[in-house]
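Let's take a walk through this structure together. Have the sequence and the 3D view open side by side, and turn the view as we go.

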Amino acid sequence: MIAPPREQWGTRAGFLLAAIGSAIGLGNIWRFPYIAYENGGGAFLVPYLVALLSAGIPLLIFEYTVGHKFRGSPPLAFRRMSRLAQPIGWWQVAICFVIAVYYAVIIAWAVRYVGFSVGQQWGSDPGSFFNNDFLHIADQPGFAAPFVPGVLWPLIAVWAVTLIVLAFGVRRGIEAANKIFIPLLVVLFLILVVRALFLPGAADGLDAFFSPDWSSITDGRVWVAAYGQIFFSLSVGFGIMITYASYLRRKADLGGSALVAGFANSSFEILAGIGVFATLGFMAHETGVAVSEAATSGPGLAFVAFPTIISELSSGAAWFGILFFSCLVLAGLSSLISNVQVIISSVQDRTGLARVPTVLIIGGLTAAVSIGLFPTRNGLYLLDVADHFINQYGIVLAGFVAVVVVAWALRKLGVLRAHTDMVSNLKVGRVWMVLLGVITPLALVWMMVDSLRQEFDETYGGYTTGYVLAAGWGVAGVAILFGVLMSLLPWRHPGTPDDEDGTAVAPMTEEANR
């Protein structure tokens with residue numbers, strides 16, 4: 001039996017918008033500005049750019065090439081490369097599942113805060129409102145807890161939108177959605193940034209953000225932070241770019257696409273830094289504190305600091321809030337869709353199921369787990385621990401293993417390089433092989449060692465050891481175990497080629513080249 005033709009992007013621009021949409025997420029807005037500020041301000045841009053060129057873009061090209069050459073989701077693509085590499089693909093699927101189930105609830109929070117912005121319903125104490133009135137956080141971390149209706153219903157809506165987009169497929173669903181989401185996100189954020197630049201104290205915030213501390217360049221921790229930010233923000237290491245590239249036409253400028261996606265993501269991060277620190281400068285000006293005291297990251301920035309800032313605005317407060325939280329919703333949705341697509345594509349490749357049944361069954365199961373765990377009074381605790389450990393010991397470790405296995409165990413970098421150069425206008429050359437085979441693994445090991453040192457110094461977040469073992473290490477460990485176990489099951493989908501060099505992948509035709 002011949003497998004049905006693989007879906008394809010309608011245009012290269014559609015692929016790029018989807019790839020950029022996956023890369024641009026909540027972390028660009030609430031993580032990068034603080035990381036840059038804490039690690040040398042303007043001087044941080046030097047190691048950041050080095051990390052982008054020496055690891056970020058080479059990793060993007062690597063994942064694009066694996067997906068494009070072997071024409072499959074991570075499990076199928078790695079299996080076609082070598083059956084020994086198949087566990088990496090399923091490991092990445094498990095990572096996407098974990099991220100998707102908790103990431104969706106943050107988008108649901110942002111949806112509610114779009115409404116809260118009208119009339120600044122968080123009142124005079126946004127921190128207390130977020131933790132107590134909105135999330136109703138339990139006194140102690142746990143697993144079973146009552147649902148919070150104010151989070152439950154928007155989370156259901158988020159999943160409904162996500163699954164509807166995915167059900168329409170790659171071209172009519174994901175590509176069409178990102179053609180709306182990404183331009184709209186950029187326009188809304190530009191309006192937000194322009195408004196922020198005219199706030200009193202904005203110049204002080206920008207001065208704090210961009211003023212370079214050149215002594216930081218010699219600090220190894222700053223370089224670890226730069227490589228970490230690039231790695232996390234580009235959506236590499238957990239199979240998204242492999243999946244997206246598998247839907248490209250046979251003639252595709254993989255190197256050029258990686259440059260466009262990489263620099264677009266970094267440009268948005270710098271834009272986010274300008275907007276966030278201009279706004280924090282206003283907060284410092286209004287409250288009489290230093291910018292350093294106002295600066296923060298993560299949910300605290302989005303759902304506590306920004307509401308505080310919005311309440312201080314003399315005019316246009318509601319619109320400022322609506323713009324900011326709408327940007328969070330759009331950035332989050334494009335990233336969530338890409339995570340779930342990895343799962344959907346992998347199950348389709350594994351079983352031969354059509355898209356709509358796969359979305360309903362597998363997407364519905366993912367949504368059910370998310371809805372069952374995270375809109376509860378324990379949701380924030382679970383999210384915090386799972387996010388930390390799946391990022392540090394899921395994404396980073398999986399990325400490291402993938403690169404080392406392909407480069408050193410299978411020695412396939414030459415094959416991948418030849419494919420990239422054959423289909424791309426931009427030739428990668430031997431420099432790419434050196435960067436990917438040497439520099440990138442060293443950077444990832446450095447990040448892992450630094451992270452483990454911190455883990456052993458103190459228990460993450462002040463949680464109990466048992467809770468961290470169950471919700472953190474346990475989740476990261478189960479993802480690895482899932483990858484191994486799935487790779488041991490026979491692959492019986494008729495029409496799935498068993499070759500290990502990509503030669504049985506769908507033949508190149510004139511239609512595929514258009």
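This is a predicted model: local features need pLDDT of at least 70, side-chain atom pairs count only at pLDDT 80 or more; totals for chains, interfaces and linings use all residues.

Let's begin inside. The largest nonpolar core holds 183 residues, and within this core Y64, W109 and F303 touch the most other members. Helix α6, residues 86-116, supplies the largest share of the core, with 22 residues. As general background, nonpolar side chains in soluble globular proteins tend to be buried together.

Leaving aside residues up to four places away in sequence, F303 touches W30, I106, W109, A110, Y113, P126, F130, F325 and L328.

Now follow helix α6 itself. How many residues does α6 have, and how far does α6 reach from its first C-alpha to its last? The helix has 31 residues and reaches 46 Å, close to the 45 Å expected at 1.5 Å a residue. Along the way, α6 has a kink of about 25°, and the kink is centred on A100. Of the 31 residues of α6, 25 are buried, so the helix is largely enclosed by the rest of the structure.

The structure holds zero disulfides. C96 is buried, at 0% relative accessibility, and C327 is buried too, at 0% relative accessibility.

Another helix to visit is α13, residues 254-287, where you will find F268. This phenylalanine is buried, with a relative accessible area of 4%. Which residues does F268 touch, not counting residues up to four places away in sequence? They are I24, N28, I29, L185 and F189. For a sense of scale, F268 and G10 are 258 residues apart in sequence, and their C-alpha atoms are 25 Å apart in space.

Next come the charged pairs. Side chains of opposite charge can pair when their charged atoms come close. Counting nitrogen-to-oxygen approaches within 4 Å, the model has seven salt bridges.

Start with the pair formed by R355 and E7, whose side chains meet in a salt bridge at 3.1 Å, N to O.

E175 forms a salt bridge with K179, and their closest N and O atoms are 3.3 Å apart. Both residues lie in helix α9 (residues 169-197), four residues apart, about one turn of the helix. E175 is buried at 2% relative accessibility, but K179 is partly exposed at 41%.

In helix α19 (residues 413-423), D421 and R417 are four residues apart, so about one helical turn separates them. They form a salt bridge too, with the closest N and O atoms 3.6 Å apart. D421 is buried, with a relative accessible area of 16%, while R417 is partly exposed at 22%. To finish with the charges, find D450, R453 and D457, which are linked in a network of salt bridges.

Our last stop is the backbone. Most residues other than glycine have a negative phi. Against that background, have a look at R71, whose phi is positive, near 50°. This arginine lies in the loop between α4 (45-70) and α5 (74-81), and R71 is buried at 8% relative accessibility.

H136 also has a positive phi, near 50°. You will find H136 in the loop between α7 (126-134) and α8 (149-167), where the histidine is partly exposed, at 37% relative accessibility.

Key:
Residues are numbered from 1 along each chain as its sequence is written. Side-chain values use heavy atoms; hydrogens and water are left out. A nonpolar core is a set of buried Ala, Val, Leu, Ile, Met, Phe, Trp, Tyr and Cys residues joined through side-chain atoms within 4.5 Å. Buried means under 20% relative accessible area, exposed over 50%, partly exposed in between (1.4 Å probe, protein chains only). Helices (H or I, at least four residues) and strands (E, at least two) are DSSP runs, numbered from the N terminus. Contact means heavy atoms within 4.5 Å. The expected span of a helix is 1.5 Å times one less than its number of residues. The bend at a residue is the angle between axes fitted to the seven residues ending there and the seven starting there. A disulfide is a pair of cysteine sulfur atoms within 2.5 Å.
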